[in-house]
Amino acid sequence: MRTMHLALLSLLLASCGVVGEPRWTGTYAASGTWDLGGPLANDRTVGDAVADLFVGQLVEVLGIPSLLEDQAEGVVDKAVRPAVKAVVDPYAPPELSPGGSIYKVLGATLTQVKVESELTLEKDVLPGSMKGKEIFTSFAFEHEGKTYTLDAVELSKLGVDVTTEWKGKETQADQLQVDGHAVEIEFGELVQKMADQIVDVAGQAELKGEVKAAVSCDQIVANISKDGKGLTLAVADWSASLDDQQLKDACAKAVPMIDEQVLGLFSKDTTIELGGTATYDPPAGELKSGEDFGGLIGIAPRPVAPRLHAAFTAKRK
């Protein structure tokens, strides 16, 4: 009889989630909002978008050692970005400049992207550790009072489910610290869907043409080159030099890539990384993001500031 009572007690405790499993484990339906306006924040301009492409080409030509890649990219960026912006921005389409009509509409739309997903959390191997999987189902945005909902597969890099793995730990009762984790969606494709509602195909092609016309490689190189002797870069024990012709060639290769971008501003090859605190509310059966939940949008050559803020509420299924 005592054995039976103990077995019943164990079953009761397990059903209450107090034996072996933290209360936050389980499967949730999550919904929230992402502020993806970072690429248009801080008065980021068309010149910045062109500079990103130019820096990418220069990094490829320079053959930077992998151990110094991040540091060297920063040196390259510092050396060429002001020159590119000085040439491009005065002649860039006004609609795409900070304060311009398209710029403002895109910025407002990007700050309120609605996200739906399914989240499953469970204990990991180490005491207090957590792991999980999030499967995104849809992304939505509003324009002129109409909501446009996109199936997550439309924005996936491989045309499959958009998923991400969670890792982290329980920092106090019912509070989790979620490690940064990459969400592999085509950020540029999302912006393209928005752009399609703002500007027709012919208008987009015309804007890209105006962006390309604003790029004078001869003038950019003249602003960069030191007395016509090209550019020399050094990081730690590594150094490399490019002559004027190499600089012009890299610039010339960057210009056609504008056609591949959304409105000449956004690359489709980007990453989004999220993480932060989340708190579980047992009576409500809800997991909610903390004020610090968010991350970065990785547009080359470095993540865009300010941080992406993400807020979500996940209800236990």
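Reader: Is threonine 25 buried or exposed?
Author: Threonine 25 counts as buried, because its relative accessibility is 13% and the cut-off for buried is under 20%. Keep in mind that this is a predicted model.

Reader: Where is threonine 25 found?
Author: In the loop between α1 (2–15) and β1 (26–35).

Reader: Which residues does threonine 25 touch, not counting those up to four places away in sequence?
Author: Leu121, Glu122, Lys123 and Arg316.

Reader: And what lies 3.0 Å from a polar atom of its side chain?
Author: The backbone oxygen of proline 22 lies at that distance from threonine 25.

Reader: New topic. Where do I find serine 138?
Author: Look in strand β3, which covers residues 129–143.

Reader: Buried or exposed?
Author: Serine 138 is buried, because its relative accessible area is 14% and buried means under 20%.

Reader: What is serine 138 in contact with, leaving aside neighbours within four places in sequence?
Author: Its contacts are Lys114, Val115, Glu116, Thr149, Leu150 and Ala152.

Reader: Now the whole chain. How many helices and strands?
Author: The chain has 8 helices and 12 strands.

Reader: How many of its residues count as buried?
Author: 47% of the 317 residues.

Reader: What does the C-alpha trace span?
Author: About 95 × 55 × 30 Å along the principal axes of the chain.

Reader: What about charges? How many positive and negative?
Author: The chain has 29 positive and 47 negative charges. Their mean positions are 4 Å apart.

Reader: Last one. What is the accessible surface of the chain?
Author: About 15,800 Å², and carbon and sulfur atoms account for 52% of that.

Technical notes
Residues are numbered from 1 along each chain as its sequence is written. This is a predicted model: local features need pLDDT of at least 70, side-chain atom pairs count only at pLDDT 80 or more; totals for chains, interfaces and linings use all residues. Side-chain values use heavy atoms; hydrogens and water are left out. Helices (H or I, at least four residues) and strands (E, at least two) are DSSP runs, numbered from the N terminus. Buried means under 20% relative accessible area, exposed over 50%, partly exposed in between (1.4 Å probe, protein chains only). Accessible areas come from the Shrake-Rupley method with a 1.4 Å probe; for residues, only the protein chains shown count as cover. Lys and Arg count as positive and Asp and Glu as negative; His and the chain ends are not counted. The place of a charge is taken as NZ of Lys, CZ of Arg, CG of Asp or CD of Glu. Contact means heavy atoms within 4.5 Å. A polar contact is a pair of N or O atoms within 3.5 Å; within protein, one must be able to donate a hydrogen and the other to accept it, and residues adjacent in sequence count only if both atoms are side-chain atoms.
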